[in-house]
Every structure is written in structure tokens, then in C-alpha cells.
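Visitor: I have a model open and would like to learn how to read it. Where do we start?

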Amino acid sequence: MAVPRPVLPRLAVTAGEPAGVGPELVVKLAHQALSATLVAIVDRDLLARAAARCGVALVLQDDDGSVDTQPRPGLLRIRHMPLGAPERPGQPDPRHAAYVIATLAEAADGCMARRYDALVTAPLQKSSINDAGIAFRGHTEFFAERTHADVVMMLASPELRVALATTHLPLAAVPAAITTPSLERTLRIVHGDMIAKFGIARPRIAVLGLNPHAGEGGHLGREEKDIIIPLLERLRGEGLDLRGPLPADTAFVPAQRAHYDAVLAMYHDQGLPVLKSEAFDRTVNLTLGLPFIRTSVDHGTALDLAGSGRADPSSLIVAARMAIELLARRDAALR
Ligand SMILES: NC(=O)c1ccc[n+]([C@@H]2O[C@H](COP(=O)([O-])OP(=O)(O)OC[C@H]3O[C@@H](n4cnc5c(N)ncnc54)[C@H](O)[C@@H]3O)[C@@H](O)[C@H]2O)c1
Ligand SMILES: N[C@H](C(=O)O)[C@H](O)COP(=O)(O)O
């Protein structure tokens, strides 16, 4: 008797900024043999134009909610969202902002309603959405608000995981945003998701200081002494394995890396340049704490490459693979 093939999870993919490289990357993703039923939430004609620019043939099929039982590279299901004015590669148009937001809303609501099993996002142009008069800081903050969840941004390569205590904030606003409650929430989410998402039973988390030399004993800033150290001591008392606060300048050297499973950086550009400079094509951005799995690329809209067909799809591909792995781990834990 023939054994039925397992169904492949429905992976929603948003194409991001229409004038960026996102649509081209989605076209390239659709040619991978992934163990997933890919559903692109996008304007159908936009994607057809992106495929033509890449010189790639792609069969676009309206999504009917069903699932595949084997990978179908070269075929992409589409949940069509109308773009309105056509895109001009490399030149974001704020008139597309409402469309971009609508694709994110459909993706989040669809994951919540189980129309999709997980979400992978291509890059969007935050400035263009803001230029349209829509307050918007990033996917991470949008999905947090949409689902009323406390979330943490983490970027992960095969060698290094970096979570952020603060995300898209002006640098001048960072110190005030590092409070005991916010840091505690963040550390609990990182600890919990390192167990649940990555299967690490006793995660070791290294916490960076905010100031040079982690504050130099209070002589170069007080945040370590007043907030970070007392919190780490309290949470260690509960059994969390927390190192630090470590001086950020040396926390990423090989000898230190052997001692942790993830790093918590205090702000965006304290942690991300390390990952992006050593593994730009292998790093995934994921949102911890969300009620669904969401992964993303580690790069932006690359407007200088948009329309050329030359953008590297590696980060989107590893993001999709990670979403599939995280789903498999979650489902195995539920069995
Ligand atoms: N996930 C996201 O939505 C996301 C992530 C990061 C930045 N952004 C946004 O993207 C916009 C542009 O940001 P930026 O210019 O700082 O960074 P960027 O990542 O778009 O570009 C930086 C450099 O990296 C190159 N690059 C980026 N992606 C590439 C790829 N796939 N293949 C080859 N080269 C690539 C670009 O050509 C450019 O030289 C901003 O609005 C930013 O907020 C979005
Ligand atoms: N901070 C991310 C990065 O530098 O890669 C990027 O801006 C994307 O963030 P969202 O996934 O929240 O849009």
C-alpha cells in the first residue's frame, strides 16, 4: 500500500518594498526545492515583472488554500494584493506604502488564523512608509503591535546569535529605553525561545554592557551598575545562565564565543555589524516572542541593485529554511 506523502507547511512570503530587490529575491526563492508550500503575498503583475527582469520563468498560481506534498520549484502560489501605480526599481514611491502595509497585515492575520504556518519577509523601505505619513519602525514592531506580543529581534548565523535589547530607535533614545522591566522582559523571551525554538535546554546568554568597557566600574556610565548588574544577579538566582555585562568590544572574540549560545546587545549597531560583516549571506533575522514563526533577510532593499537581477537571494533562502526547521521543531515538541 502506498504511504501518503506528508503535507508541506504553508509558508507565507511577503515581497516588501516594490522598488527594492524583494520581488526579485522572491522569484529566486521560488526556484528552490524547499519542503514548503510557498504562498507569496504580493501583486501578481509586480512579481511577473520581477521574474522577467531576472530572466527567469515562473508559473504563478492563485492560492486556493491547499498544500503541496512535494517541492515544486518554479511554481509559486500567489495571494494577490493590488499595488496600484507600477513600481520603478530603485525609486521607492510613498504611494505604495498602503500596499506594503496591507501585505504585512494579511501575512500576520493569516498566520494568526492558521491560513499560513509561518512567515518569511523580504526587505521593505521604512523611510518610504514614513514619507507616506504612516508611523512605522519595522516589521518587528508592526507584528508586535498587530499581535499584542512582547517581542525581541534576533539575528542568527550558523555561528552566532545576537538579540537586541532595543531595535529601531535613535541612538540618543537608547539609554532611557534600557530599563529593568524592559530588559527583564527581553531576557525572559530570549531564554524561553532559545529553549523552545532552538532546542537548547540550558541556554547561556551573554549580556553586553551599554557603555565602553561595560561602564568601567561606574566611571564611564551608570547603566551597568544601576540596571544591568542587579537584574542579572536576580535572574541568575532563578537559574538563568547569564554572563556579563561584557564589554562589547571583546565579547565577540573567538575565546568568548565558546562560552555562550546567544548575545544580548543593548542596541542595533552594537551587535548587528558583527554578524553582517562576517556572514551577510548566511544570517537570518527572526522575531522571538511572536505567536507565530517569522523569519526574514538580514539586509535591506539594496536600491542600488534593484531591477538588475543581481541581488543575492542567499539570506532569503536561509530565512525560509530556518522557518521550515523551526516549524518542524515546534511540531515535534507538540507530538
Ligand atoms: N528586513 C528589512 O525589511 C530590512 C532590513 C535592513 C534594512 N532595511 C531597510 O532597507 C533600506 C536600505 O537600507 P541600507 O541601504 O542601510 O541597507 P541595504 O542592506 O539595503 O544595503 C547595504 C549594501 O548591501 C548591499 N546588499 C544588500 N542586500 C543585498 C543582496 N541581497 N545582494 C547583494 N547586495 C546586497 C547593497 O547593494 C548595499 O550596497 C532602509 O530603508 C532600511 O531600513 C530593511
Ligand atoms: N534591523 C534589521 C536589520 O538591520 O537587518 C532590519 O531593519 C529589519 O527589521 P525588521 O525585520 O523589524 O523590519
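Guide: Start at one residue, arginine 294. With 27 C-beta neighbours inside 10 Å, arginine 294 counts as buried. Keep in mind that this is a predicted model.

Visitor: Why does arginine 294 count as buried?

Guide: The idea is a neighbour count. A residue is buried if 20 or more other C-beta atoms lie within 10 Å of its own. Arginine 294 has 27, so it counts as buried. Its place is in strand E12, residues 293–296. Leaving out residues up to four places away in sequence, it touches Leu119, Thr121, Phe143, Leu286 and Thr287.

Visitor: Which positions does UniProt group with Arg294?

Guide: An unreviewed UniProt entry gives the feature "binding site" at His139, Thr140, Lys276, Asn285 and Arg294. Asparagine 285 has 24 C-beta neighbours inside 10 Å, so it counts as buried. Beyond residues up to four places away in sequence, asparagine 285 touches Met153, Leu155, Thr295, Ser296, Val297 and Asp298.

Visitor: Which residues are around ligand 2?

Guide: Read a ligand shell as a list, then ask which elements supply it. The residues around ligand 2 are Gly138, His139, Thr140, His268, Leu272, Asn285, Ser296 and Asp298. Helix H5 (139–147) and helix H10 (268–279) are the elements that give two or more residues to this shell. By class, the shell around ligand 2 has one nonpolar, six polar and one charged residue.

Visitor: How many residues surround ligand 1?

Guide: Ligand 1 has 19 residues around it, and the closest are Pro123, His299, Gly300, Ala302 and Asp312. The shell around ligand 1 divides into seven nonpolar, nine polar and three charged residues.

Visitor: Which histidines does UniProt list for "binding site"?

Guide: His168, His213 and His268, again from an unreviewed entry.

Visitor: Where is histidine 168?

Guide: Histidine 168 is in the loop between strand E7 (161–164) and helix H6 (174–177). It has 13 other C-beta atoms within 10 Å, so it is partly exposed. Setting aside neighbours within four places in sequence, histidine 168 is in contact with Arg137, Gly138, Glu141 and His268.

Visitor: And where does histidine 213 lie?

Guide: Histidine 213 is in the loop between strand E8 (204–208) and helix H8 (223–237). Histidine 213 is partly exposed, with 15 other C-beta atoms within 10 Å. Its contacts, not counting residues up to four places away in sequence, are Leu220 and Pro247.

Visitor: How many bridges join E1 to strand E5?

Guide: Four, and the two strands run parallel. One bridge pair to find is valine 13 with valine 120 in E5.

Visitor: Is helix H1 buried or exposed?

Guide: Count residue by residue. In H1 (residues 22–29), eight of the eight residues are buried, so the helix is largely enclosed by the rest of the structure. Lys28 and Glu24 are among the buried residues. The cover includes strand E1 (10–14), strand E2 (37–42), helix H2 (44–54) and helix H11 (314–334).

Visitor: What should I check in the backbone?

Guide: Most residues other than glycine have a negative phi, and most peptide bonds are trans. Here, a cis peptide bond joins glycine 244 and proline 245, with omega about 5 degrees. Proline 245 is in strand E9.

Visitor: Where is arginine 114, and what is its phi?

Guide: Arginine 114 is in the loop between helix H3 (97–112) and E5. Its phi is near 65 degrees, a positive value in a residue other than glycine. Arginine 114 is exposed, with 9 other C-beta atoms within 10 Å. Then turn to glutamate 216, with a positive phi of about 50 degrees. Glutamate 216 is in the loop between E8 and H8.

Notes. Residues are numbered from 1 along each chain as its sequence is written. Chains are lettered from A and ligands numbered from 1 in the order in which they are written. This is a predicted model: local features need pLDDT of at least 70, side-chain atom pairs count only at pLDDT 80 or more; totals for chains, interfaces and linings use all residues. UniProt positions are given in the numbering used here, feature names are shortened, and annotations may be inferred rather than shown by experiment. A residue is buried if 20 or more other C-beta atoms lie within 10 Å of its own, exposed if 12 or fewer, and partly exposed in between; C-beta atoms are placed from the backbone. Two residues are in contact if their C-beta atoms, placed from the backbone, lie within 7 Å. A residue is near a molecule or strand if its C-beta atom, placed from the backbone, lies within 6 Å of it. Ala, Val, Leu, Ile, Met, Phe, Trp, Tyr, Cys and Pro count as nonpolar, Asp, Glu, Lys and Arg as charged, and the others, Gly among them, as polar. Two strands pair if DSSP finds at least two bridges between them.
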